[in-house]
Amino acid sequence: MNFTNLFFFALALSVFMLLFGLFAVYMERKIAGRIQSRPGPLHVGPNGIFQTLADGIKLIYKENLIPKGADKLLYFLAPILVFLITLLSFIIIPFDENLIVADLNIGIFFILAITGLNAISLIMAGFGSNNKYAFLGAMRSAAQAISYEVPMLFAVLSVVVLTESAKMSLIVSAQQNIWFIFLQPVSFLIFLISGLVETNRTPFDLPEAESELVAGYHSEYSGIKFSFFMLAEYCNIFIVSALITTLFLGGPSGWFLPGIFWFFIKTLLMIFFIFVFRWTFPRVRIDQMLSFCWKFLVPVSIVNLIVTALIKYFT
Amino acid sequence: MVKLEGEQVLEVKPDIGFLHRGIEKICENRTFLQGIAFCDRVDYVASMNSEWSFVLAVEKLANLEVPRRAEFLRIIVAELNRIASHLIWLGAFNMDLGAVTPFLYGMREREEIIEILEMIAGNRLLYNYFRPGGVKNDFSPEAFERIKNFLKTFPQNLKEYKDLITNNIIFQKRTKQIGIITKEKAIKYGLSGPVLRGSGIQYDVRKNENYSLYKELEFEIPHFKEGDIFSRHLVRMREMEESLNIIRQALDKTEEGSVLIKQPFIMKVPVGEGYFRTESARGEMGVYMNSDGTAKPYRVKFRTASFVNLQILEDNEIIKKLKLSDLIAFLGSLDFVMPEVDR
């Protein structure tokens, strides 16, 4: 794509990110309500569709507080960094055949590298808040995030071994005959679990556990800064779902409809499952979570990678 | 107040008294009939059981005999309230662990029970239904129908909870082998109710004290010997099933008759004192009553299960093994309600 097209596409993606935040919160609340035998938001707008907009407007109106003793630079930068990371992750997602902002050769590894920066922004938020609960939540969150990058990486490596390339468009086209979820079921499960952990979703949402830590690393944030964190969380869920769709479910491919429709259908299906997980399972304790990662997931993912490589070598 | 070192809990000190309303003192200035409305509020989650202890005390001191039909109605209503209380516990306990949905499922089932009790007693939460010598009024035929329907539909919900919660591996990992209260400690601290039965001791005031007509009904006392959070969870789930059994048998055995003996407008209880107890949803709920022959008691003391069960938090041996997340689960498994603790 030439430069102007690219520019407008990137702009469209940013707008999409904001709109998706609105949509995702509404979707989650409706799903949560239905699972819990209640209707969910109903009153604001027809069937409650303007509920998130109303919440967003409320958040914009809130007072811009900075806690006493907070490190102003860190406190201010943390939400910006979180938002930036998510926005950057959008550039390699293949929405359709030619609808990628940048079809980098390092493709999937770019996202893994960028999401690694998430851990820093969490610690910035927790430490800069000058609040021991926030700090405790940030520590837990950072430990979780960096631990689960390892199995995620190995799961992705297994897929890259199959396609011999990390380029997103090549990964998509390599799944023309059969989706990788059938060739690599273990990787799919490992990637799904690691993705849930990276986005701090139940059953791994200990950093945000309301009954224990108020709200974890973003306890001291209110107003627009808080909405940045929320937006980034929901867009991270979109990114994880989009990655699962691209890596395992064939990406934008399907019959009749143009690819982009199939991409969104598959991604929304994964997002639906992620939302259902939140409202079904209790939380896992932090040390159980970490020992599950290091003692179970990492060995399993390494074995999976070796087996994949061997099978690829001999066929 | 919790003293932490990183994630490890070092010391816990319950800070109580914020919900103290002086109910015991108030009862000294109210007649026995007026006092019943107040003792509802001691434990408003399972208020039928609180009323029962109080009314039992008045009856024993005044030597009143309760008609058989009233006894059966009391049993039905108290067991329904026990199920309602356990449903709240289920919701709150799971919410502390992170699963928000059982709270709403519990509320959905509890709504049916509360509507039944509203049909019977006129109120959803604080019933004022027991009277010395019986109960205030009889059940309507619709109430009997609804209770029978409830007995049919509730076992499926219990099965749903079992599949979603008890058999959930995340839940089991959070609750098994955690917060173990040994038999000796349970006896030493004077615990009662599901906390005691979760530590392997088969003690239930309904069977051991044999008040009312429980001796004519057959039911088991569920107890599990591990003493961890999971056993206490299992005890309460089984208790809900046993309560359904009790209600079924009581419905079958209910005889015709009056539900309240003739009472003077102002009841005077002869001089005497005594301690009388029943099994509430949380444990042993006892009332010590000292009457001096007038229309108002001289002293009423409520021995509430939550207040005594809360002492286990001061036991450092148990507390020191818990992490912060385990402490939350442990507190949930004790099922204490603050109005009972503070009165």
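What follows is a short tour, with something to select at each stop.

**Before you click**

This is a predicted model, so to speak of local features we need pLDDT of at least 70, side-chain atom pairs count only at pLDDT 80 or more, and totals for chains, interfaces and linings use all residues. Residues are numbered from 1 along each chain as its sequence is written, chains are lettered from A and ligands numbered from 1 in the order in which they are written, and side-chain values use heavy atoms, with hydrogens and water left out.

**Stop 1: the sheet in chain B**

Select 272–279, 284–291 and 299–303 of chain B. Helices (H or I, at least four residues) and strands (E, at least two) are DSSP runs, numbered from the N terminus. Together the three strands make an open antiparallel sheet in the order E5-E6-E7; two strands pair if DSSP finds at least two bridges between them. On average, neighbouring strands here are turned by 15° against each other, direction ignored. Axes are lines fitted to C-alpha atoms, for helices over the stretch in contact, and angles run from 0 to 180 degrees between N-to-C directions.

Now zoom in on the pairings. E5(B) and E6(B) share eight antiparallel bridges, and B:Arg277 has B:Gly286 in E6(B) as its bridge partner. The two strands form a hairpin with four residues between them, and B:Gly283 in that turn has a positive phi of about 150°.

**Stop 2: a buried threonine**

Go to B:Thr166, in helix H6 (141–166) of chain B. Buried or exposed? At a relative accessible area of 6%, B:Thr166 is buried (buried means under 20% relative accessible area, exposed over 50%, partly exposed in between; 1.4 Å probe, protein chains only). Leaving out residues up to four places away in sequence, B:Thr166 touches B:Tyr161, B:Phe171, B:Gln172, B:Phe230, B:His233 and B:Leu234; contact means heavy atoms within 4.5 Å.

While you have H6(B) on screen, show B:Glu160 and B:Arg108. Their side chains meet in a salt bridge (3.5 Å, N to O), the term for a side-chain nitrogen of Lys or Arg within 4 Å of a carboxyl oxygen of Asp or Glu. B:Arg108 sits in helix H5 (101–121) of chain B, so the pair ties together parts that are 52 residues apart in sequence. B:Arg108 is partly exposed at 34%, and B:Glu160 is partly exposed at 30%.

**Stop 3: where the chains meet**

Colour by chain and look at the contact, which takes 20 residues from chain A and 24 residues from chain B. About 1,900 Å² is buried between the chains, 55% of it on carbon and sulfur atoms; buried area is the accessible area (1.4 Å probe) that two parts lose on being put together, summed over both. On the chain A side, A:Pro282, A:Arg283 and A:Arg285 lose the most area, together 29% of what that side buries.

A:Arg285 is buried at 10%, whereas A:Asp287 is partly exposed at 27%.

**Stop 4: the helix behind B:Asp326**

Finish with 324–334 of chain B, helix H14. Ten of its eleven residues are buried, so the helix is largely enclosed by the rest of the structure. Among the buried ones are B:Leu327, B:Phe330 and B:Asp326. Step on to B:Asp335, which follows H14(B) and has a positive phi near 50°.
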